[in-house]
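Hi,

Here is the structure I promised to send over. Please have a look at it first, and then read on for what I found in it.

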Amino acid sequence: MYRISIIIPVYNSAPYIEQCLASVSAQTLSDIEVILVDDHGTDESMSIARDFVSRSERKDISFLFAATETNSGPAAARNIGLTLAKGEYVAFLDADDWVEEDIYERLYSVANGADMACCNLSQDFEDGRSSRLLQNTHMPQGNISVRERKKLLMRFVSYFTTFIYRRRWLTEQGICFPDTKSAEDSSFLTCCLLSARQIEQVDKPLYHYMIHAGSLTTRKVWKGGDKRKALGAVLSYAHKQGLMTSYRWQLYYIYVKKALIVPILEMI
């Protein structure tokens, strides 16, 4: 069994994917599986990735290529990666981001059987502006009580790529990404935080979230429908798992904030 399976959706990331894969190949942790899921972009991303893998000298890192049937968005690509993953833990990495060389060793070490483990991240700007430190909410220590989980659900931020997730636990809980192209990260992470028994934390910015010129768009697109569907999936999951009684008001707060208010603010 691999220690960690890293799932990377690939779509029009040609200028950045080599840096992403180089940061993965530099990892101090051994026995890593990397799953690259082609989401049918229009550039040379996959050719660059295949060429990089063909030149890789890391024999303890296994690279696997997969693909969506048609362009379907990162949620569908990540779900394909989840079905293929064999690692004890799974991690998600965007093809235009990169990670510090010890991120997965640190997270795997501190997790030590916990359902999840996370670090902080650095928001880096392609135009040379100073990086920003983005911090995850402080996680409860040990087994999470109902009271602690309520506070966590009210305060967390959706930095889901800074976490590793115990794969067998995800399967047992039936947690995957909703069939949407917006708010799928919030939906996935909320379901995880609802069910995790223990979450460990490294208080270091080990993930680099890149803001590229193409990310700074002023075009406003209404995403309300997708966000309502994604957050509605959280309510359905909570009902199925018998969690609504304990966390009803926290989940309603998340739904109103992320599915109703945020789409309006994005259009202003």
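This is a predicted model: local features need pLDDT of at least 70, side-chain atom pairs count only at pLDDT 80 or more; totals for chains, interfaces and linings use all residues.

Strand 4 and strand 8 run antiparallel and are joined by three bridges. Within strand 8, arginine 166 has tyrosine 89 standing opposite. Strand 8 also pairs with strand 6 (residues 116–125), again in the antiparallel sense and over three bridges; here cysteine 118 stands opposite phenylalanine 163. Strand 8 (residues 163–166) is covered on both faces: Phe163 and Tyr165 are buried on one side, Ile164 and Arg166 on the other.

The largest nonpolar core has 45 residues, and Met116 and Tyr165 touch the most other members. Apart from its neighbours within four places in sequence, methionine 116 is in contact with Phe163, Ile164 and Tyr165, as well as Trp169, Leu189, Cys192, Leu193, Ala196, Gln198, Ile199 and Glu200. There is a second, separate core of 35 residues, with Ile32, Phe63, Val99 and Tyr207 among them.

Is leucine 206 buried or exposed? Leucine 206 counts as buried because its relative accessible area is 5%, under the 20% cut-off. Not counting residues up to four places away in sequence, leucine 206 touches Val99, Glu100, Asp102, Ile103, Arg106, Cys119 and Asn120.

Helix 3 (residues 74–84) is worth a look too. Its buried residues are Ala75, Ala77, Arg78, Asn79, Gly81 and Leu82. What do they pack against? The partners are strand 1 (4–10), strand 2 (32–38), strand 4 (89–92), helix 6 (167–173) and helix 7 (184–195).

Finally, the surface. In soluble globular proteins, nonpolar side chains tend to be buried together. Here, though, a nonpolar surface patch of about 780 Å² is made by Trp222, Val256, Leu260, Ile261, Ile264, Leu265, Met267 and Ile268. Isoleucine 268 sits in the segment after helix 9 (244–267). With a relative accessible area of 71%, isoleucine 268 is over the 50% cut-off and therefore counts as exposed.

Happy to go through any of this with you.

Best wishes

Key: Residues are numbered from 1 along each chain as its sequence is written. Side-chain values use heavy atoms; hydrogens and water are left out. Patches are made of residues with over 30% relative accessible area and no salt bridge: like charges are joined within 9 Å, nonpolar side chains (Val, Leu, Ile, Met, Phe, Trp, Tyr) within 5 Å. Accessible areas come from the Shrake-Rupley method with a 1.4 Å probe; for residues, only the protein chains shown count as cover. A salt bridge is a side-chain nitrogen of Lys or Arg within 4 Å of a carboxyl oxygen of Asp or Glu. Helices (H or I, at least four residues) and strands (E, at least two) are DSSP runs, numbered from the N terminus. Buried means under 20% relative accessible area, exposed over 50%, partly exposed in between (1.4 Å probe, protein chains only). Contact means heavy atoms within 4.5 Å. A nonpolar core is a set of buried Ala, Val, Leu, Ile, Met, Phe, Trp, Tyr and Cys residues joined through side-chain atoms within 4.5 Å. Two strands pair if DSSP finds at least two bridges between them.
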